[in-house]
Amino acid sequence: MINKKVNSVQEALHGIEDNMTIMLGGFGLCGIPENSIAELVKKGSKNLTCISNNAGVDDFGLGLLLQQKQIKKMISSYVGENAEFERQMLSGELDVELIPQGTLAERCRAAQAGIPAFFTPAGYGTEVAEGKEVREFNGKMHIMEHAFKADFAIVKAWKGDEAGNLIFKGTARNFNPCMCGAGKITIAEVEELLPAGSLNPNEIHIPGILIQRIFKGDKFEKRIEQRTTRKKA
Amino acid sequence: MALDKNDIAKRIAKEVKDGYYVNLGIGIPTLVANYVRTDISVEFQSENGVLGMGPFPFEGEEDADLINAGKQTITTLPGASFFDSAFSFGMIRGQHVDLTILGAMEVSENGDIANWKIPGKMVKGMGGAMDLVASAENIIVAMMHVNKAGESKILKKCSLPLTGVGCVKKVVTELAVLEITPKGFKLLERAPGISVEHIIASTEAELIIEGEIPEMAID
């Protein structure tokens, strides 16, 4: 067993420096690596390029890094929940690249899987296609998209073991598996970190080969963005 | 009477057939789930990674790890499954989802749709909409016929940045059901009590009108 366990979030984030590109898992506030984000705020790394589906809300998730003006550029598919984000974008302080969600996911997966580029129909005929190679396959137009390049990928899983194997829960899975191994170094923060052999190999979603560092998060607030319920009849 | 949002959802629910996997967008499309016939088998997909979505949870039973694409807390039904985002969009691009229902700001007579950006005013992002409209075979748009200023959103040509080209098949609004044909918008049905003349006056695009136009059945 190759042991990937590190003892603290500080140790896990070692080597993250100004101007780096960092991928972060999560959809909205669901399944975000919240301990790592809190540590990035403390660390104060600046001019970061962040690849993440969303940009958090004003006071949680990546919104915390935006507040501290640590992000130079965001690559996301949807940023609608964040007023500070909108302000920084409209004032020109923040560079933003909006890309289709499936393209975002596939550009992560391509980086993970050693595929340099791929063709997708998403965005054909729109401003997303500007400057991109267009090709027709089976009578339908497609545009070429490239794999991401990132210095670090930071993901959040439910359970992990010391070998770096991961299991995700519910829709907190989202972009996290796609980002494993898609950066030069992948950091996994988990709710439960178990000795190797504790997880059933049949149930592992992501094998530890894609993970360089794994640590147990101190606390997971798991904030809910839109609490919707129904009344008991 | 023009329909309200729930009535639009009720009318669209009639397009959902037995055995369909359906992706519902945010807004009116989400309401469609409430009106699908209970005697047919349908599974709802949410692009953040779930098939077999159920209703909202009971108070106190919300799970932060279980949300839909609108970030709302949800539940799952028997037979549900979870998957990652790349897999989810593989399912969408691979045309395994039978029906996509989404909202729009504008639709044009050749089936173009605009729903993600108002330059200088609103830039929230396209989310999964571009992938969905570029891939799905069967796309129904749920939208209001006119905007708050009373201007038609059913156009000869979209004025806003496009989300996808030549993809919309059908549009259901508070006034009408429209089909997009190679020759443009064809008026299929009108809202109860709404005249064909009213619909023509509320629509910038030309309408193809053949014979008597029936009223929508929404119950």
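Predicted model: local features only at pLDDT ≥ 70, side-chain atom pairs only at ≥ 80, totals over all residues.
Q: Which strands stand at the edges of the open sheet of 10 strands in chain B?
A: The order in this sheet is β4-β3-β2-β1-β5-β10-β12-β13-β14-β15, and the pairing is mixed. A strand at an edge has a single partner, so one side of it is left without a neighbour in the sheet. In chain B this applies to β4 (76-82) and β15 (207-208).

Q: What is the bridge partner of L51(B) in β4(B)?
A: Strand β3 of chain B covers residues 50-53. It pairs with β4(B) in the antiparallel sense, over three bridges. Within β4(B), the partner of L51(B) is S81(B).

Q: At about what angle does helix α3 of chain B run to β2(B)?
A: Helix α3 of chain B comprises residues 85-93. It lies across β1 (21-24), β2 (43-46) and β3 of chain B. Its direction relative to β2(B) is about 125°.

Q: In which sense does β10(A) pair with β8 and with β11 of chain A?
A: Strand β8 (residues 150-161) and strand β10 (residues 183-194) of chain A share 10 bridges, one of them between A157(A) and V190(A). Strand β11 (residues 213-216) of chain A is linked to β10(A) by four bridges, and there E189(A) stands opposite F215(A). The sense is parallel for β8 and for β11, likewise, parallel.

Q: About how much area do chain B and chain A bury between them?
A: The size of an interface is often given as the accessible area lost when the parts come together. Here 48 residues of chain B are in contact with 50 residues of chain A. In chain B, D65(B), K71(B) and K124(B) lose the most area to chain A, together 19% of what that side buries. Carbon and sulfur atoms account for 58% of the area buried between the two chains, which is about 4,200 Å².

Q: How many salt bridges are counted between chain B and chain A?
A: Side chains of opposite charge can pair when their charged atoms come close. One salt bridge links K232(A) and E61(B), whose closest N and O atoms are 3.6 Å apart. Over all chains the count comes to 26, whereas between chain B and chain A it is eight.

Q: Why does the salt bridge of D65(B) and K222(A) join two chains?
A: The side chains of these residues meet with an N to O distance of 2.5 Å. D65(B) lies in the loop between β3 and β4 of chain B, and K222(A) lies in the segment after β11 of chain A, so the pair joins two chains. The chains in question are chain B and chain A.

How values were computed. Residues numbered from 1 in each chain as written. Chains lettered and ligands numbered in written order. Heavy atoms only, no water. Pairing = 2+ DSSP bridges. Contact = heavy atoms within 4.5 Å. Axes fitted to C-alpha atoms, helices over the stretch in contact; angles between N-to-C directions. Buried area = accessible area lost by both parts, 1.4 Å probe. Salt bridge = Lys/Arg side-chain N within 4 Å of Asp/Glu carboxyl O.
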